[in-house]
Amino acid sequence: MTIHLHADATPGFPALDLRPWETDDIPALIEIYRDPVLRRWTRFPVNDENDAKEWLETQRRGWADRERCGFAVLEAGRPVAHILLKKLVPGEPSAEVGYWTAAEARGRGIAVRALDAVSRWAFTTLNLERLDLLHQVDNLASCRVAQKCGYTLEAVLPPHPPFPNPGHLHTRPASRELHVTAQR
């Protein structure tokens, strides 16, 4: 399954294209993962080309198994973020979303628009009824992204390895149709 999604340009923000990760993205992926802030929030570090190939293979396998759909978020043809729909189980009404944004792309509404595009696709194409979004409580940026995309804080969860801090569980039901506009 190869899916390409699009988030329209908004005043001050260029359009975004979302597509599965490709081998040509390896140099950008390695560069993005040099960011210590990103590394703090992610579970699978990418230190070199071998790590990047393994990470890409995980993404490819997820698509092939239809268990997870990882998208490269492109701005002007260049990867600037990652968004993932995961825990896809046939017949189950819900799944989970996750994302990260490259350092130079933060604060420009990229995560908000990409999350909204993937959420709408999951509800309309995959017929999911609910999406869950989890992040550590001290990841304030993720909390803001969740709220801007109509994900409601449902619970504070206890720490769960490998994450040392409590987490937030946000949810968005399919019935909450929302089209967000990126804001600074």
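How many helices and strands are there in the protein chain? There are five helices and eight strands, where helices (H or I, at least four residues) and strands (E, at least two) are DSSP runs numbered from the N terminus. The model is predicted, so that local features need pLDDT of at least 70 and side-chain atom pairs count only at pLDDT 80 or more, while totals for chains, interfaces and linings use all residues. Residues are numbered from 1 along each chain as its sequence is written, and side-chain values use heavy atoms, without hydrogens and water.

From the N terminus on, the order of elements is β-β-α-α-α-β-β-β-α-β-α-β-β. The radius of gyration of the protein chain is 15 Å, close to the 16 Å that the globule rule gives for 184 residues, so the chain is as compact as a globular protein of that length. This radius is taken over C-alpha atoms, and the rule is 2.2 Å times the number of residues to the power 0.38.

Buried residues (under 20% relative accessible area, 1.4 Å probe, protein chains only) make up 47% of the 184 residues.

Methods:
Buried means under 20% relative accessible area, exposed over 50%, partly exposed in between (1.4 Å probe, protein chains only).
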